Amino acid sequence: MDAFIPMLKNVILFVLLAVPGYILVKCKALKQEQSGVLSKLLMYVGMPFLIISSTLGISFTKETISGMAFSAILGAVLTFGFFFLSIPLSKNKSADNNDPLWNKKRQGIIRFSQIFANNGFLGLPLAAAVFGSISPVFTYLVVLNIINNVFIYSLGTYLVSGDKNTISLKSTLLNPVLLSFIIGIILNLLGVSKMVPELVTFSDHFKNLVTPISMLILGMKLAGIKFSSMFKSRGLYYVSSIKLILFPAIAVAFTYLFTIIVPTDSVNLILAMFVAFSMPVAGLATAFADRYNGDAKNAVIYTLGTTILSIITIPILYMLLCFML
């Protein structure tokens with residue numbers, strides 16, 4: 001219970017931050033489509049400075065470097081594994097009409113939603129609140145977020161669009177998260193933060209945008225849908241059971257077995273993997289569905305629905321995990 005309460009409080013706090021966005025849209029002070037501007041501010045300003053700020057504080061010990069390397073390896077292996085495991089887990093859930101292309105896109109958004117998590121806009125701020133932004137858990141999660149983004153811009157675009165030609169090497173490698181991490185590492189190794197401490201303060205001001213803006217966007221999107229129709233979707237509960245329970249359990253179990261075989265910073269690595277894979281569906285599901293003429297309706301339902309249901313699943317799974325550790 002000691003582990004459950006802090007996580008529950010932070011998850012509830014994050015959800016409450018979505019309330020102003022919901023109210024502003026309902027009161028017509030803002031339009032739902034204006035959330036796109038905030039999304040760009042989040043993607044190109046808030047998140048990069050969150051990554052830079054966190055990497056400036058990394059102390060490159062042997063344990064930290066090995067933990068970051070193992071995070072990248074495990075994140076890539078598990079994402080690939082879930083990519084193939086999602087094939088049988090999404091079949092017979094997409095056949096709602098006689099159009100093969102449309103059903104392929106429906107299956108694609110189901111698979112995307114099962115695999116890719118919102119560990120950037122939700123996972124990183126939550127980890128910072130619970131474990132601290134200079135903790136090994138947060139550092140490993142930054143690496144896992146980079147791996148997540150690389151696969152989202154490659155495998156993710158393919159799943160949503162149904163077309164391999166939409167995969168762009170440029171978008172995959174030059175995404176803001178990866179570039180920010182590289183910049184942060186270079187600045188760290190050069191010792192810039194000690195020479196110019198104001199740089200850390202400057203980064204901290206912008207990194208503080210991530211949590212409130214990401215939740216404001218969520219609230220604005222929630223205002224545009226009917227809760228009754230969202231929670232009547234059987235697909236939501238099916239996707240949620242895979243995304244919020246099964247895959248996180250597999251990720252933790254796989255990492256636990258790995259740490260038994262390979263000596264490493266086991267507890268922090270397991271906690272980072274838990275946060276990375278237990279988060280709700282990545283917000284890019286809706287953006288990609290709009291861009292590639294995918295199943296936008298269910299992209300919204302799965303993204304917002306899993307976010308709401310994660311209020312229950314994340315604290316409970318975290319409590320169970322703490323009993324194991």
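Before the close-ups, one term: helices (H or I, at least four residues) and strands (E, at least two) are DSSP runs, numbered from the N terminus. This is a predicted model, in which local features need pLDDT of at least 70 and side-chain atom pairs count only at pLDDT 80 or more, while totals for chains, interfaces and linings use all residues. Residues are numbered from 1 along each chain as its sequence is written, and side-chain values use heavy atoms, with hydrogens and water left out.

**View 1. Helix α15 packs with helix α17.** Two packed helices are described by the angle between their axes and the distance between the axes. An axis here is a line fitted to C-alpha atoms, for helices over the stretch in contact, and angles run from 0 to 180 degrees between N-to-C directions. For α15 (residues 266-278) and α17 (residues 296-324), the angle is about 160° and the axes are 11 Å apart. That makes α15 roughly antiparallel to α17. (Angles under 35 degrees count as roughly parallel, over 145 as roughly antiparallel, 65 to 115 as roughly perpendicular and the rest as oblique.) On the α15 side, look for I270, L271, F274 and S278, and on the α17 side for I314, L317, Y318 and L321. Contact, by the way, means heavy atoms within 4.5 Å. Sort the residues of this contact and you get seven nonpolar, one polar and no charged. (Ala, Val, Leu, Ile, Met, Phe, Trp, Tyr, Cys and Pro count as nonpolar, Asp, Glu, Lys and Arg as charged, and the others, Gly among them, as polar.)

**View 2. Helix α6 packs with helix α7.** Here α6 covers residues 119-131 and α7 covers residues 136-161. Their angle is about 175°, with the axes 10 Å apart. The two helices are therefore roughly antiparallel to each other. From α6 come N119, G120, G123, L124, A127, A128 and F131, which meet V137, F138, L141, V142, L144, N145 and N148 of α7. This contact splits into nine nonpolar, five polar and no charged residues.

**View 3. F82 sits in helix α4.** Find F82 within residues 62-90, the span of α4. F82 is buried, at 2% relative accessibility. (Buried means under 20% relative accessible area, exposed over 50%, partly exposed in between, with a 1.4 Å probe and protein chains only.) Leaving aside neighbours within four places in sequence, F82 is in contact with I115, F247, I250, A251 and F277. Take A251: F82 and A251 are 169 residues apart along the chain, yet their C-alpha atoms are separated by 9.5 Å.

**View 4. N298 belongs to helix α17.** N298 is buried, with a relative accessible area of 8%. Not counting residues up to four places away in sequence, N298 touches R106, I109 and S233.

**View 5. K28 and N293 have positive phi values.** K28 is not a glycine, but its phi is about 65°. You'll find K28 in the loop between α2 (19-26) and α3 (35-56), and K28 is exposed at 75% relative accessible area. N293, also a residue other than glycine, has a phi near 55°. N293 is in the loop between α16 (284-291) and α17, and counts as exposed at 57% relative accessibility.

**View 6. Cysteines C27 and C322.** C27 is exposed, with a relative accessible area of 57%, whereas C322 is partly exposed at 27%. A search of the whole structure for disulfides (pairs of cysteine sulfur atoms within 2.5 Å) finds zero.
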